[in-house]
Amino acid sequence: MSFAEGAARLAGMAGAVLGWSPDRFWRATPAELHAVVAAMTEPGGAAPPSSATLARLREMYPDG
């Protein structure tokens, strides 16, 4: 499989499973993509952030 074929396949999967636009996929780093996929597929992964943690992050990064 060529790089282009692999990238197109990953971009399609990111769109279908994660709801990412093509632009979001291409702006993501390999580490970001890996972290999201790992969180979704590895059993016994970390617990989701609490509402307090999310609120704190929203205050720290108001631009989303």
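H1 and H3 are oblique to each other, since angles under 35 degrees count as roughly parallel, over 145 as roughly antiparallel, 65 to 115 as roughly perpendicular and the rest as oblique. This is a predicted model, with local features needing pLDDT of at least 70 and side-chain atom pairs pLDDT 80 or more, while totals for chains, interfaces and linings use all residues. Residues are numbered from 1 along each chain, and side-chain values use heavy atoms, leaving out hydrogens and water.

Helix H1 spans residues 3–18 and helix H3 residues 30–41, packing at about 50° with axes 12 Å apart (helices are DSSP runs of H or I, at least four residues; axes are fitted to C-alpha atoms over the stretch in contact, with angles from 0 to 180 degrees between N-to-C directions). Leu10, Val17 and Leu18 of H1 meet Leu33, Val36 and Met40 of H3, contact being heavy atoms within 4.5 Å. That makes 6 nonpolar residues, no polar and no charged (Ala, Val, Leu, Ile, Met, Phe, Trp, Tyr, Cys and Pro count as nonpolar, Asp, Glu, Lys and Arg as charged, the others, Gly among them, as polar).

As for the pocket, H1 gives the largest share of the lining of the largest one, 4 residues. By class, this lining of the largest pocket holds 8 nonpolar, 2 polar and no charged residues (lining residues have an atom within 4 Å of a point on a 1 Å grid, where a 1.4 Å probe fits; a pocket is an open set of points with protein on both sides within 12 Å along at least five of seven lines).

Terms used. Helices (H or I, at least four residues) and strands (E, at least two) are DSSP runs, numbered from the N terminus.
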